[in-house]
Amino acid sequence: MNQEAIKDLILSTADDLLIIGHRNSEWTGIGPMLEEDLAFSSMSQDKIGQAQALYQILHDSFGAKTPDILAFQRYEKEFKSCQFVELPIGDYDFSLVRHFLFDYAQQIRFELFAKSSFQPLAQLAKKIKGEIKYHTLHADTFLKQLGNGTEESHARMQSALNYAWPFALGMFEKSDYESELISEGVFEGEDALKALWVAKITPIITAANLTVPTIDESNIVYGGRQFYHSQYLQPLLVEMTEVTQLDPSAEW
Amino acid sequence: MNSLDPRVERLDLKKAEEGEVHTNSHLITYEVFHQEKRGKQVIHVGIVHASSPEMALILAKEQYARRGKTTNLWVVKTSDVFTFSSEDEDIFETVPEKTFRDPAFYKVRDRIEAFQKRNNLTV
């Protein structure tokens, strides 16, 4: 199997999870209500745990550095996360919409990983299936509730969806190894994932009384997988690694 | 300013002076029951604030099933709970003369021990 291709796929997936996990954790303590504060924080912790499990695969199978080093001691230009996950949390409407769009993509991505010819990835996908199921159920419930809620909640959700859409489609930016990944049965590829994702979320968005945005292909925000990031990633990394930077060699 | 906490509503004095009657619209509560294993009893663990049963379930999951083993959760609208009035707590008081209802009333230990001794049985 093409090792570089698998490493690239795992790193992109892990970086997406780490960055969105950190972003969503910014709601801890300031969530809209106590119960939701706890639920959202807990899910962000799950995401960081999933990222850690992926970094661990890189370490165990390919001799990469340890998860801690991969997460906390890399430069911005070494991250493969898409720009969608870097965006600031904004208002709760945006954070919920991103949670909805990202988590369904993640759920389907891991469903495809469960069939991967690369065993460690297939095993991890089966292990975290239940965790992701809850995340999408949570997202789904909030989207329907607020999409069908008051005039204001509906307008806020639609406008957040319109804003998020070009960034969300950037999640499916292809890597340089796309054809190898597909031919070797590691992953069915970003195009297949994107088609499944659109088919899955469209009826839910409709049930939430919202409209799926239509945009021109040229407006999709790509770049993350090629290390091109928005202005928001670097400040996030500075904050996320603040404690590690005090003493990078400390034992935890 | 409106409260950021959807469970708390605050009086707008100016509007109240102008004669506007305030109506409360905050979230209702659901009672949460936790089941550790399939077939075991579900045990009341607390409440969540929610706008629908679905919302109550997803919020209860992180509130009450984050740690330890869980097989399922139940949520029930607090307003659907039917209960005695707190003034009637006295109906649960046991009358002292009815101690025969208490297993400890029967002092049979001595007789059991005598029986075991008689028949060379050990506990």
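A residue is classed as buried if 20 or more other C-beta atoms, placed from the backbone, lie within 10 Å of its own, as exposed if 12 or fewer do, and as partly exposed in between. The model is predicted, so that local features need pLDDT of at least 70 and side-chain atom pairs count only at pLDDT 80 or more, while totals for chains, interfaces and linings use all residues. Residues are numbered from 1 along each chain as its sequence is written, and chains are lettered from A and ligands numbered from 1 in the order in which they are written.

Chain B contains three helices and three strands, where helices (H or I, at least four residues) and strands (E, at least two) are DSSP runs numbered from the N terminus. Their order along the sequence is α-β-β-α-β-α. Of the 123 residues in chain B, 13% are buried. B:Asn120 is exposed, as 6 other C-beta atoms lie within 10 Å.

A positive phi, near 70°, also occurs at A:Phe227, a residue other than glycine. A:Phe227 is placed in the loop between helix H10 (190–207) and helix H11 (233–240) of chain A. With 13 other C-beta atoms within 10 Å, A:Phe227 is partly exposed.
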